[in-house]
Amino acid sequence: MIDIYTEKKESKDWILQNDLYFNLNTSNEEMSENEINLIQQVDEAKLTPNKHIETKYGLGTIRNLSSGCKTLLNIVKHPDKVVCVEECGPNVLKIIFAMDNIKIYMSRPSLADIPDDAKIRFNDSDVVIGSTGYNTWWSKEYERRETDDL
Amino acid sequence: MKGEKLMIYKNIAFKADPFSYDLVFDDRITLVGGDSGTGKTVLYEILEDLRLTDGYKRIKLFNYKSDKFLESIKQCKDSFIIIDNADILIDDDIRKFINFEFSNQYMLFLRNCDGLNVSDKSFKVLKLDNNRITLEEEL
């Protein structure tokens with residue numbers, strides 16, 4: 001199940017500033033083989049054991065990863081937290097929607113490639129399946145926002 | 001003329017070995033989107049240096065590290081404003097400022113165009129081809 005929250009909340013259990021959270025927390029954690037592969041997949045970056053990266057743009061440290069890649073690692077490393085995905089590109093969203101047991105925040109429908117069998121719950125309430133369920137839910141949400149003049 | 005689309009820089013071109021950047025702007029507001037990991041923040045960091053050179057003094061940069069973002073951006077006039085992390089930084093107030101402060105030009109690393117007066121020429125992605133980096137139309 002992927003939990004999506006659509007109303008922003010300030011909480012220690014929410015990560016809204018992914019770069020900041022990653023640079024101060026996640027980047028200091030050990031990276032697994034799977035996470036190293038995700039870094040390679042998203043940023044085409046090779047992570048060394050001492051947390052340097054090698055990309056087509058040059059050499060750097062793990063803190064030079066893209067915001068989308070940092071967001072993905074924040075989700076993978078902290079599945080208990082609600083993570084804002086509004087800075088993620090389609091390549092990262094595709095990976096996120098193929099995951100399970102995660103919590104994300106988005107205030108609007110990001111264009112994403114969603115598997116047909118993905119189980120998604122909005123705001124701890126409505127459960128939908130796949131891209132059809134996702135798009136239908138957002139259509140209704142926008143009707144609601146229009147009615148409520150939001 | 002009031003309301004006329006002012007372009008501070010029609011293009012920004014510079015070399016940052018091994019890359020050469022040739023960024024052409026077709027609208028007063030440019031939104032740079034596309035996949036993650038395409039070099040937006042790398043570009044932002046190079047522009048932090050470029051703005052210190054004589055030809056690009058009108059560049060003003062903002063990201064999540066910027067102090068007093070709201071107050072600072074509202075003081076910008078006749079500037080080329082670049083905002084990284086714009087999806088988490090800009091609110092309705094800033095969107096209104098961007099729409100109606102016509103003396104500025106904007107390049108926003110932003111996916112959510114809601115509430116912005118953009119055209120089909122506003123949507124761009126960074127493209128790297130043979131060490132040459134350009135802004136191409138987002139399909």
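**A friendly note on this predicted model**

1. Strands (E, at least two residues) and helices (H or I, at least four) are DSSP runs, numbered from the N terminus.

2. Before going on, please note that this is a predicted model: local features need pLDDT of at least 70, side-chain atom pairs count only at pLDDT 80 or more, and totals for chains, interfaces and linings use all residues. Residues are numbered from 1 along each chain as its sequence is written, while chains are lettered from A and ligands numbered from 1 in the order in which they are written.

3. Back to the strands: E8(A) (residues 119-122) pairs with E9(A) (residues 126-129) in the antiparallel sense over four bridges; two strands pair if DSSP finds at least two bridges between them. Asp126(A) in E9(A) is the bridge partner of Phe122(A).

4. E8(A) also runs parallel to strand E1 (residues 2-5) of chain A, joined by three bridges. Here Ile120(A) stands opposite Ile2(A).

5. Turning to chain B, you will find four helices and eight strands. In order from the N terminus, they run β-β-β-α-β-α-β-α-α-β-β-β.

6. The C-alpha atoms of chain B fill a box of roughly 40 × 35 × 35 Å along the principal axes.

7. Finally, Ala86(B) is in contact (C-beta atoms, placed from the backbone, within 7 Å) with Leu108(B), Phe109(B) and Leu110(B), leaving aside neighbours within four places in sequence.

Conventions: Two residues are in contact if their C-beta atoms, placed from the backbone, lie within 7 Å.
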